[in-house]
Amino acid sequence: MSDLIDAFTTAGTNKGLYYGGAFQTAQTKAVVDVINPATATRFTTVPDGSLADVDAAVAAARSAFEDWSALDPIDRARHLRRFADVIRENIPKLAVLETIVTGRALKEMKAQMGRIPEWIEYFAGIAMGLEGESNVVKGGYITLTHYTPLGPVALLTPWNHPILILVKKMAAALAAGNTCVVKPSELAPVSPLVLAALATEAGLPDGVVNVVTGGPQTGAALCAHPDIHYIDLTGGTGTGRKVAALAGERLVRTTMELGGKTPVIVCQDANLDGAIAGGLFSAFVASGQTCVSGARFVVHSDIYDRFVTGIAARADAIMLGDPMDDKTQMGPVISQTSKDKCLLMIAQAKMDGAVQVAGAQASDLPAPFDEGYFVRPTVLKDVRPDQELFLEEVFGPVISITPYDDEAEALVLANTGNFGLGCSVWSRDISRAHRLSLGIRGGVVWLNDHHRNDPRSVWGGVRDSGFGKENGWDALKSYMTKKSVIVRTVDGHDDWFAGSKRYG
Ligand code: NAD
């Protein structure tokens, strides 16, 4: 296992930026504090990358592009499988590092890290099977297509799944033959630096994976760089609008994986225990900080009271505490700002008439966790569709529950607002479940489950939740351009200005 991860797990380690196959001293002296959210103490710092730092990282990606893109996909796949193996060897250490920086329970991070290598193996595999098409067309021509990579690409990632989201993007980008510059979230930038170093340890050529840390300005400088030919962002909808505008000016293609307000529809014929267990997971895994967190529960009035009582009791039993402790079921939220937002939205929901049925007790954690950004899993019932809590993303462990009487009303409630990312439907009636699924606006629908994610299962939203896809062939192809080649098979040549015919 890599000693490097031990160094980064030690508080205060700052090795600079990572590009050209090595850690590099940043050209800026400015740093960003990285806070351990479980204790609200500074864990370490990373450089707050300047324009010159962005330039240097992009230059490394540019100089690596020619050789990496020229490799046969079979040879690129071999490199990528080795990278996946190195990640797999380091899963226990990576899980600890993710937990320190995000505050997410170690149990969650161990489960998530276990599947990370699959994304790399999957994209390495399908890239070898990428096929163009060929046609014989009018006039004695053969047309054929093949895919080519785009160049150095920018990967802008959030803090909630620092490794998972990065690997989803990076695996597709690299398998397609691009090189990348990563700008991780300023709140959780450590594991992406480590991942880049593991890529080098696995034998990926220098400059294929580069990381420049810093805040929004660093991200904006990267997006504006003339040598960046694709931008893949996962982040808030506000950030998406800014980055898409910048990309529009440069005519650079983008993928926008943005925010959501995921509905959970629980029908009268649902397996109630299953819906409560699944709903609880959807709402409170990652302390409610996933883009598809079950946030807005829409529950049939026949089972409303039983569902509310059941999920509230289960929410109140969730154990908060030291994220490193295997018994801990939920960690803190990421920051004081995030905690304040949760508390404000709970207070506002109650002022608007909602009734709090879980989460009222104090967290009561011993030092040093008494200072951490903990918010108890909170359930509010009787939330009306015009309330802020029904409409706005909390990005924390706070859910709303609203009753409905018929399917048409369930769909109106689920589709309220402008997001369109995930949705789950809980019903034992297969026709009803599919009917609802057809009527839902969104990019991912789970029937009798929630949050299942797999490299083969496309992922992405519509409207304010963004556009473009992660996972699957769509993601690989979004990182390439399809070139069309037209071959003349007829002997001789045309001479239009000497009277030859054209266009049939
Ligand atoms: P964020 O928008 O604050 O930051 C995302 C990344 O963009 C960070 O690296 C940040 O530094 C960078 N950035 C911010 N402003 C920028 C700018 N003007 N130019 C260039 N880069 C900029 O998001 P966050 O708080 O890290 O993540 C939470 C948000 O992400 C939530 O809204 C959540 O729903 C969303 N999210 C979406 C998905 C999805 O798959 N759709 C997955 C996870 C998270």
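How much space lies in the largest cavity? The answer is about 100 Å³, in a model that is predicted.

**Stop 1: the largest cavity**

Select Gly 288, Ser 293, Ala 295, Val 394 and Phe 395. Of the 17 residues that line the largest cavity, these lie nearest its centre. Now colour β13 (294–300) and β16. Each supplies at least two residues of the lining. By class, the lining has 7 nonpolar, 7 polar and 3 charged residues.

Stay in this region of the sequence and pick Ala 286. This residue sits in the loop between α11 (272–284) and β13. Is Ala 286 buried or exposed? Ala 286 counts as buried because its relative accessible area is 1%, and the cut-off for buried is under 20%.

**Stop 2: the second largest cavity**

The structure holds 3 cavities of 30 Å³ or more. About 80 Å³ of space lies here. The lining divides into 6 nonpolar, 4 polar and 3 charged residues.

**Stop 3: the seven-stranded sheet**

Colour the strands in the order β14-β15-β16-β13-β12-β17-β18. These 7 strands form an open sheet, and their pairing is mixed. Which strands are at the edges? They are β14 (355–358) and β18 (444–447), each pairing on one side only. From one strand to the next, the twist averages 25°.

Zoom in on β15 (residues 378–381) and β16 (residues 398–404). They pair in the parallel sense over 4 bridges.

**Stop 4**

Select Ala 367 and Pro 368. A cis peptide bond joins them, with omega about 5°. Pro 368 has its place in the loop between β14 and β15.

Then go to Asp 382, in the loop between β15 and α14 (388–391). Asp 382 is not a glycine, yet has a positive phi of about 60°. Asp 382 is partly exposed, with a relative accessible area of 32%.

**Stop 4**

How many bridges join β6 to β20? There are 9, and β6 (residues 141–149) runs antiparallel to β20. To see one of these pairs, pick Thr 148: its bridge partner in β20 is Thr 481.

**Stop 5: a covered strand**

Select β10 (residues 230–234). All 5 of its 5 residues are buried.

Now bring in the partners. Strand β7 (residues 152–156) runs parallel to β10, and 3 bridges join the two. Leu 156 has Leu 233 as its bridge partner in β10. Strand β11 (residues 253–257) also pairs with β10 in the parallel sense, over 5 bridges. Tyr 230 stands opposite Arg 253 in β11.

**Stop 6: Thr 99**

Finish at Thr 99, in helix α4 (residues 91–102). Thr 99 is buried, with a relative accessible area of 2%. What does Thr 99 contact, leaving aside its neighbours within four places in sequence? The contacts are Arg 104, Ala 105, Leu 106, Met 109, Pro 323 and Met 324. Draw a distance line from Thr 99 to Met 324. Their C-alpha atoms are separated by 7.1 Å, while the residues are 225 apart along the chain.

Note on methods. Residues numbered from 1 in each chain as written. Predicted model: local features only at pLDDT ≥ 70, side-chain atom pairs only at ≥ 80, totals over all residues. Heavy atoms only, no water. Pairing = 2+ DSSP bridges. Axes fitted to C-alpha atoms, helices over the stretch in contact; angles between N-to-C directions. 1 Å grid on protein atoms, 1.4 Å probe; cavity = no way out; pocket = protein on both sides within 12 Å on 5 of 7 lines; lining within 4 Å. Points joined across faces, edges and corners; volume = space filled by probe spheres on them. Nonpolar A, V, L, I, M, F, W, Y, C, P; charged D, E, K, R; others polar. Buried < 20%, exposed > 50% of the residue type's maximum accessible area, 1.4 Å probe, protein only. Contact = heavy atoms within 4.5 Å.
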